[in-house]
Amino acid sequence: MGWNSWNKFGCNIDEGLIEQTADAMVSSGMRDAGYRYVNIDDCWMAKTRDSLGNLQSDPIRFPHGIKAIADYVHGKGLKLGIYSSAGTKTCEGLPASLDHEVADANKFAEWGVDYLKYDNCNNEKRPAIPRYTAMSNALKATGRPIVFSLCEWGENKPWEWGKQAGGMLWRTTGDISDKWTSMIGILNRQVGLEKFSGPGGWNDPDMLEVGNGKMTFNEYIAHFSLWAILNAPLIAGNDLRTMSDTTRAILTNAAVIAVNQDWGGQQGSRLVNDTVTHTQVWVKPMRNGGRAVVLLNLGTTATSISVGTADLGLRPADKYQATDLWAHSIQEVHDVLHAGVPAHGAAMYVVRTGK
Ligand code: GLA
């Protein structure tokens with residue numbers, strides 16, 4: 001869990017933004033809710049390497065260097081992430097790490113970096129596995145624990161080899177944008193990937209757009225609920241310094257985060273895809289035997305969605321207890337869970353055997 005600069009800021013980043021974001025992560029309660037990584041995406045580096053061939057930060061936007069930011073972020077009880085590409089240049093045309101893996105990994109470790117997002121631009125069509133493995137080996141050789149995030153866009157099915165190549169998470173698709181159709185398109189492409197995700201190596205459907213302004217409140221509730229049930233990395237992508245109380249409440253919903261962090265053996269999967277009513281049901285086993293459920297309305301009018309407790313895989317019982325993770329209410333359920341769900345929205349529950 002963390003934050004990344006790209007979705008909101010693109011290349012418009014500097015050291016003030018990163019440090020203020022770390023401050024906001026603490027003051028907003030996000031750190032206490034579990035968010036830890038403050039990740040700088042593309043555009044932190046200078047246009048050229050230094051005279052020794054090392055990456056260096058942009059002298060105007062990051063004049064104090066990355067180590068100073070790492071020290072600042074660590075001082076807040078947080079961790080620092082950085083970005084490069086397994087190519088000759090980043091997606092924005094800046095120096096990147098292909099054939100410089102050892103030197104760059106050593107710099108990242110020396111600066112105190114805790115996380116590397118490793119992109120796929122300008123890869124010269126060289127095969128993915130050796131490109132990603134080379135950086136993983138270089139990171140490991142530094143001796144510093146650094147989370148290795150493969151941003152390969154799902155091109156070569158990284159869910160099949162990502163863990164072997166040292167990845168701890170791997171993007172499964174191209175980039176998200178702050179639009180309902182983009183978010184739902186990515187969601188539908190997670191179907192079938194459930195079995196590849198788990199402790200030590202996670203499917204990554206890309207960073208959150210919650211709070212960036214182009215989706216509605218209900219759409220953001222759906223986005224956050226779905227990413228939680230997918231056990232997706234929860235990497236906020238909004239401006240934490242100025243977010244509304246509503247956005248903060250979505251990102252820090254403890255019950256939804258608890259579903260995301262629970263490992264009951266499989267990430268959430270799509271149980272129902274009803275193309276007539278435009279509704280879907282997603283379900284995830286919880287460690288304690290309950291089921292997390294997202295009832296998703298893809299349609300443009302409010303509707304009611306139902307699912308049988310047996311279909312959710314719950315063991316037979318007279319009654320169940322369903323906790324509504326957004327309304328914070330508990331109801332007794334017998335054979336069927338029902339909910340009214342707004343247009344482009346979702347309801348989310350944890351259902352367990354009642355007492
Ligand atoms: C690619 C990645 C994005 C972002 C940009 C930066 O598109 O998939 O997440 O890192 O590059 O240029």
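**Note on selected contacts in the predicted model**

1. Asn 238 lies in the loop between β8 (235-236) and α10 (245-251). The model is a predicted one. The relative accessibility of Asn 238 is 1%, so Asn 238 counts as buried, since buried means under 20% relative accessible area. When its neighbours within four places in sequence are left aside, Asn 238 is in contact with Trp 3, Lys 8, Phe 9, Val 210, Gly 211, Asn 212, Met 243, Thr 247 and Leu 251.

2. The next points concern charged pairs. Side chains of opposite charge can pair when their charged atoms come close. The structure holds 14 salt bridges. One of them joins the side chains of Asp 104 and Arg 49, with 2.9 Å from N to O. This pair links distant parts of the chain: Asp 104 belongs to helix α5 (residues 101-111), whereas Arg 49 sits in the loop between β2 (37-39) and α4 (65-75), and the two are 55 residues apart. Asp 104 and Arg 49 are both buried.

3. A salt bridge is also formed by the side chains of Lys 67 and Asp 71, at 3.1 Å from N to O. Both residues lie in helix α4, four residues apart, which is about one turn of the helix.

4. Through salt bridges that share partners, Arg 171, Asp 175 and Asp 206 are joined into one network.

5. The packing of two helices deserves attention. Two packed helices are described by the angle between their axes and the distance between the axes. Helices α9 and α11 (residues 254-261) pack at an angle of about 30°, with their axes 7 Å apart. The two helices are therefore roughly parallel to each other, as angles under 35 degrees count as roughly parallel. Which residues make this contact? From α9 come Phe 224, Ser 225, Trp 227, Ala 228 and Ile 229, and these meet Val 256, Ile 257, Val 259 and Asn 260 of α11. By class, the contact has seven nonpolar residues, two polar ones and no charged ones.

6. The last point concerns aromatic rings. A pair of aromatic rings is described by the distance of the centres and the angle of the planes. The count comes to 10 aromatic pairs. In one of them, the ring centres of Tyr 118 and Tyr 132 are 5.6 Å apart and the planes stand at 85°, so this pair is edge-to-face. Because Tyr 118 lies in strand β4 (residues 115-119) and Tyr 132 in helix α6 (residues 128-142), the pair ties together parts that are 14 residues apart in sequence. Both Tyr 118 and Tyr 132 are buried. Ring pairs also link Tyr 118, Tyr 132, Phe 148 and Trp 161 into a cluster.

Notes
Residues are numbered from 1 along each chain as its sequence is written. This is a predicted model: local features need pLDDT of at least 70, side-chain atom pairs count only at pLDDT 80 or more; totals for chains, interfaces and linings use all residues. Side-chain values use heavy atoms; hydrogens and water are left out. A salt bridge is a side-chain nitrogen of Lys or Arg within 4 Å of a carboxyl oxygen of Asp or Glu. Buried means under 20% relative accessible area, exposed over 50%, partly exposed in between (1.4 Å probe, protein chains only). Axes are lines fitted to C-alpha atoms, for helices over the stretch in contact, and angles run from 0 to 180 degrees between N-to-C directions. Angles under 35 degrees count as roughly parallel, over 145 as roughly antiparallel, 65 to 115 as roughly perpendicular and the rest as oblique. Contact means heavy atoms within 4.5 Å. Ala, Val, Leu, Ile, Met, Phe, Trp, Tyr, Cys and Pro count as nonpolar, Asp, Glu, Lys and Arg as charged, and the others, Gly among them, as polar. Rings of Phe, Tyr and Trp (its six-membered ring) pair if their centres lie within 6.5 Å; planes under 30 degrees apart count as stacked, over 60 as edge-to-face and the rest as tilted.
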